[in-house]
Amino acid sequence: MPEENYTAPTILVETVGVFETNCYYVFPRENGPLFIIDPGGEAEKLYANITRFQPSEYVILLTHAHVDHISAAGELAEKLKLKGIYVPPEDLPLYESKENALLPFLPPAKNLPPAIWPPKSMDFTILPTPGHTRGGVCYYFSELNAIFTGDTLFSGSIGRTDLPGGNFDDIMTSIREKLLVLPEKLRVFPGHGEETTIGIEKTFNPYLK
């Protein structure tokens with residue numbers, strides 16, 4: 001039997017690549033856009049899911065521009081005939097850098113489309129959360145009770161700050177002032193690992209004590 005199409009509202013995750021990056025498909029409403037957040041690898045695998053949606057348009061959003069979150073962006077954008085993808089401006093140098101790689105495991109991303117900003121959408125709010133990178137952001141879909149935190153906040157952990165553009169004080173400020181003030185039942189979808197909630201992280205995350 002053929003697979004059925006996904007209907008709205010849908011949040012679907014596909015974990016891809018050697019660093020097990022979470023790529024999210026967010027389809028808030030019928031006849032609306034499909035948001036593809038952080039296509040980090042395995043473009044064919046990601047595209048197979050995309051074809052099961054019937055959106056008005058496709059939108060690729062990046063939470064930040066580390067190579068493990070963008071490796072499939074070029075191929076997906078080509079398949080979807082997109083003229084650009086949304087990259088936080090302060091991460092543009094990272095997005096465009098040939099040094100943006102995790103060798104020997106992950107080479108620089110290829111054939112990346114032009115970076116554009118800002119996304120204009122009724123479906124989410126952009127929360128600037130620098131610290132893991134200079135330009136890191138989170139996407140808050142209040143109607144879906146969901147926030148996509150990239151590598152800023154994880155279940156039981158926080159993002160690394162020892163990579164280029166990282167800053168420990170900045171990430172702690174971002175988490176405390178932008179994320180922990182949100183509703184405790186808000187579902188948190190991180191760039192790696194399992195889903196959590198704001199309340200769980202406030203209570204149990206050892207980095208936030």
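This is a predicted model: local features need pLDDT of at least 70, side-chain atom pairs count only at pLDDT 80 or more; totals for chains, interfaces and linings use all residues.
Residues are numbered from 1 along each chain as its sequence is written, and side-chain values use heavy atoms, with hydrogens and water left out.

The protein chain holds 5 helices and 13 strands, which are DSSP runs numbered from the N terminus, helices being H or I over at least four residues and strands being E over at least two. The radius of gyration of the protein chain is 16 Å, close to the 17 Å of the globule rule for 209 residues, and the chain is therefore as compact as a globular protein of that length; this radius is taken over C-alpha atoms, and the rule is 2.2 Å times the number of residues to the power 0.38. Along its principal axes, the C-alpha trace spans about 50 × 40 × 30 Å.

Of the 209 residues in the protein chain, 52% are buried, a word that stands for under 20% relative accessible area, as against over 50% for exposed and partly exposed in between (1.4 Å probe, protein chains only). Among the contacts with a separation of 6 or more, 63% come from residues 24 or more positions apart, a contact being heavy atoms within 4.5 Å.

The structure holds 0 disulfides, a disulfide being a pair of cysteine sulfur atoms within 2.5 Å. For C23, the closest cysteine sulfur is that of C138, and at 16 Å it is too far for a bond. C23 counts as buried because its relative accessibility is 0%, and C138, also at 0% relative accessibility, counts as buried too.

C138 leads on to T152, which touches it along with T129, I158, G159, I171, I175 and L179, when residues up to four places away in sequence are not counted. T152 is found in the loop between β9 (146-150) and β10 (153-154), and with a relative accessible area of 4% T152 is buried. The C-alpha atoms of T152 and P130 are separated by 8.1 Å, although these residues lie 22 residues apart along the chain.
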